[in-house]
Amino acid sequence: MNEQISQRLALAERVAREAGAKALDYFNRRESLVIETKRDAQDVVSIADREVELLIRGQIALGFPDDGFLGEEFGLQPGGSGYNWVVDPIDGTSPFVNGMPNWCVSIAVIYQGEPVIGVIMAPCQQECFVAAQGAGATLNGKALHVDPARTLQNHITGFGANSYVAPERVGEIAAEITAVGGNFFRNGSGAMMLAWVAAGRLVGYYEPYMHAWDCLAGYCLVNEAGGWTHPFNAQGEQLLRGAPVLAVAPGAKDELMRIARL
Ligand code: IPD
Ligand code: CA
Ligand code: CA
Ligand code: CA
């Protein structure tokens, strides 16, 4: 790992833990949060999402003032170093505001459009998933590897959806996974489910449309754990556009790609 990446990795992990603690503090007193909606009534946000993103932005600006920063809540701040931080302060806001533990802080660093660092911190489980390009993936310091013997038939497939892109596909995807003898799963946090693919808890994950901040940290984890990820174009303007997201253990790649129609 080069020096540029190892310095950023140390900060990414420290900030993810700090941000996770702040989010957990809000979670523990969530009854007092005002829940606002964005696109529709399922797309929720609160001060917790914004304050956690501001914490992360502030720390990154202090540590690497020339790096770019893209976050879900406050958008893109371009930089000049070639490194961009891509952050979802709380992935799984719906579980978060409804008192379920399936949410996480997701921090990626990209270079030339490729995720070179991925950190996913899940505070309720006290699980910190960390990966850096070429250096492997870990969970709380223990190496992660996907199992090449796993298939849709002998494991569980995660999938997600939103109400604004291809909602009609949701039923079809669930039906097709079931029809081939598989089992589907959704916990409300796509980033966490991607980390679970890296950890071998799920054989794969598919969602018809996600943003860069939802998936790039998870992509780095899955790649470093020996899985395969469908290309997500994060170069230039494309960084702001969403795309299909698919991450999978090698033995299930062809079948999940077919179901996803990719
Ligand atoms: C959402 C979650 C959800 C996925 C959505 C995402 P948010 O992110 O990851 O599981 O299905 O597409 O937008 O809004 O909770 O950060
Ligand atoms: Ca959101
Ligand atoms: Ca998200
Ligand atoms: Ca979010």
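## Who supplies the shell

In this predicted model, strand 5 gives the largest share of the shell around ligand 1, three residues. Strand 5 spans 83–91, and strand 13 spans 204–210; each supplies at least two shell residues. Strands are DSSP runs (E, at least two residues), numbered from the N terminus.

The shell also draws at least three residues from each of domain 1 (3–143) and domain 2 (156–260). These domain bounds come from an automatic or database domain assignment.

## Shell make-up

In total, 15 residues surround ligand 1. To count as near, a residue needs a heavy atom within 4 Å of the molecule. The closest are Asp-91, Gly-92, Thr-93, Arg-186 and Glu-207. By class, the shell has six charged, six polar and three nonpolar residues. Asp, Glu, Lys and Arg count as charged, and Gly is among the polar ones.

## Polar contacts and cover

Polar contacts here are pairs of N or O atoms within 3.5 Å. An N or O atom in the Arg-186 side chain lies 2.7 Å from an oxygen atom of ligand 1. A polar backbone atom of Thr-93 is 2.9 Å from a ligand 1 oxygen. For Ala-161, again through a polar backbone atom, the distance is 3.4 Å. The protein covers 87% of the 380 Å² of accessible area that ligand 1 has on its own (Shrake-Rupley method, 1.4 Å probe).

## Basis

Residues are numbered from 1 along each chain as its sequence is written, and ligands from 1 in the order written. Local features need pLDDT of at least 70, side-chain atom pairs count only at pLDDT 80 or more, and side-chain values use heavy atoms, without hydrogens and water.

Definitions and conventions. Polar contact = N/O pair within 3.5 Å; in protein donor to acceptor, adjacent residues only side chain to side chain. Helix = DSSP H or I, 4+ residues; strand = E, 2+ residues; numbered from the N terminus.
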